[in-house]
Amino acid sequence: MTHNIDDRSLAVIVLAAGQGTRMKSSLPKVLHRIGGRPLVGHVIDTALTLSPERLVVVVRHERDLVADAVVAAAPGVVVVDQDDVPGTGRAVELALDALGDFDGDVLVLSGDVPLLEAGTLAALVSAHRSGAAAATVLSAVVDDATGYGRVIRDVDGAVSRIVEQKDATADEASVTEINAGVYVFQAPALRTHLALVGTANAQGEKYLTDVVALLRASRLVVAASSAPSASAALGVNDRVQLSEAARLLNARTVRRWQLEGASILDPATTWIDVTATLAPDVTVLPNTHILRATAIGAGATIGPDTSLVDCEVGENAVVTRTDATLAVIGAGATVGPFAYLRPGTYLGDKGKIGTFVETKNSTIGERSKVPHLSYIGDTTIGTGVNLGAGAITANYDDITKHRTEIGDEVHTGSHNVFVAPVRIGDGAKTGAGAVIRKDVPAGALALSVAPQRNVEGWVENNRPGTGAADAAAKARSAQKADDGAQEEDR
């Protein structure tokens, strides 16, 4: 969804250069993921809904990792490297250089503020333009402002300056209106006043926030627009805030799909990535994760205790207590409970993958069933097939994976092993316990039958003193006594 604000030029600068030391992670802060995307990916996705003329992202820490993620999110983005001069002011200054002679409005976003919605940003830009402000700051009122810059206002309510946490006096630190790290500037005014910003502060950085006081000193208008939701404007600085942002985003996502017609019985234990899609009349049961690009068809029931990653589920399918990745489940099919679908699994319409079944790189045709206790790997199964309990495809010879092909309407006995490469013809059947090493012609019955041999007394002779030997000896003694009694009766 795009938001048309007006016809004036808009450029967006996303700040993604920081390390994020409070995350205590080798991964750059902006690449930590919530809702199926890195933090910076959510920011870029929201920015793109405003249809900006230019999009610039400033990077530094783990430059290549961040740049790759940014380009994946927005192929037309301009990536700018921050130099050795620290601070958000320097980052924006370098981004402005990349914008050349752009003279429209510049929206500055932080790569670690992922929950801002497009409507909030569109309203911010519109307020900035209607008020003819040189700069407009997005603010939020919070209960605990620790760690955030404070918005300091004059007695008449106008924005005077923004003070960073480490530079704030006791009175300033008591202010609960925080800077959300989101701004709109008139580009010419921003260029002029950024050049005047120094680094005489507690952190020795070139603060973008210092531009606010300089603009006011030049008698230019600086406005503030409050975010409709304080939580949506908060940045992510540590793992606690990361999990809270994930929870808030997930609640928003779950609510959206509920309003679109999905029944989600327990939103608190249901996690849905922003990249997933649910059709109307889907039912999601508790403790279910629908992740990445998973798509669920109308009328399907998912869960409980199910995780789907990059899966496609057809209409009216039922998936119960299942872990599946890169799998396709056909319309009306059933999966689980306790099934494990690995990448490359394709289950046809009205098919079944049952209890304690693992599949991988296999196609299971329409109306075909693998009901229980089986491993099916590198296999093609036709239509109307029923595999008995304990079916195993032995697909790996320690060097190469081989395929098993099972034709239409094949019925197999319990505890079969198919030693690939092997083909079972249409309509064939196999007996219980068969080890299929050779192709089976269509309509044939395949058996692996060996005479049963009983070695009398083996346990007593080879495991003397064990419970089994004692039990066997008692049973043999009782049998001899019974045989003797019967002999006397005769």
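Biologist: Which residue of β19 stands opposite T288?

Modeller: T306 in β19 takes that place. A word on the model first: it is predicted, so local features need pLDDT of at least 70 and side-chain atom pairs count only at pLDDT 80 or more, while totals for chains, interfaces and linings use all residues. Residues are numbered from 1 along each chain as its sequence is written, and side-chain values use heavy atoms, with hydrogens and water left out.

Biologist: How many bridges link β16 and β19, and in what sense do they pair?

Modeller: Strands (E, at least two residues) and helices (H or I, at least four) are DSSP runs, numbered from the N terminus. Two strands pair if DSSP finds at least two bridges between them. Here β16 and β19 (residues 306–309) are parallel, with four bridges. Strand β13 (residues 271–272) also runs parallel to β16, joined by two bridges. I272 has I290 of β16 as its bridge partner.

Biologist: Which side chains of β16 are buried?

Modeller: "Buried" means under 20% relative accessible area, "exposed" over 50%, and "partly exposed" in between (1.4 Å probe, protein chains only). In β16 (residues 288–291) the side chains alternate.

Biologist: Now for a helix: why is α1 largely enclosed?

Modeller: Count its residues: eight of the ten in α1 (residues 39–48) are buried, so the rest of the structure largely encloses this helix. Among the buried ones are L39, H42 and T46.

Biologist: How many aromatic pairs does the structure hold?

Modeller: A pair of aromatic rings is described by the distance of the centres and the angle of the planes. Rings of Phe, Tyr and Trp (its six-membered ring) pair if their centres lie within 6.5 Å; planes under 30 degrees apart count as stacked, over 60 as edge-to-face and the rest as tilted. This structure has two such pairs. Y183 and F185 are stacked, at 5.7 Å centre to centre and 25° between the planes. Both Y183 and F185 are buried. F338 and F356 are stacked too, with 5.3 Å between centres and 10° between planes. F338 sits in the loop between β24 and β25, and F356 in strand β27 (residues 352–360), so this pair ties together parts 18 residues apart in sequence.

Biologist: Is F338 buried, exposed or partly exposed? What is its relative accessibility?

Modeller: Partly exposed, at 45%. In that loop between β24 and β25 you'll also find P337, and the peptide bond from G336 to P337 is cis, with omega near 0°.

Biologist: Which residues make the nonpolar surface patch?

Modeller: Patches are made of residues with over 30% relative accessible area and no salt bridge: like charges are joined within 9 Å, nonpolar side chains (Val, Leu, Ile, Met, Phe, Trp, Tyr) within 5 Å. A salt bridge is a side-chain nitrogen of Lys or Arg within 4 Å of a carboxyl oxygen of Asp or Glu. Areas come from the Shrake-Rupley method with a 1.4 Å probe, and for residues only the protein chains shown count as cover. Here F338, F356 and L373 make a patch of about 330 Å². L373 belongs to strand β29 (residues 369–377) and counts as exposed, at 53% relative accessibility. Its phi, near 55°, is positive in a residue other than glycine.
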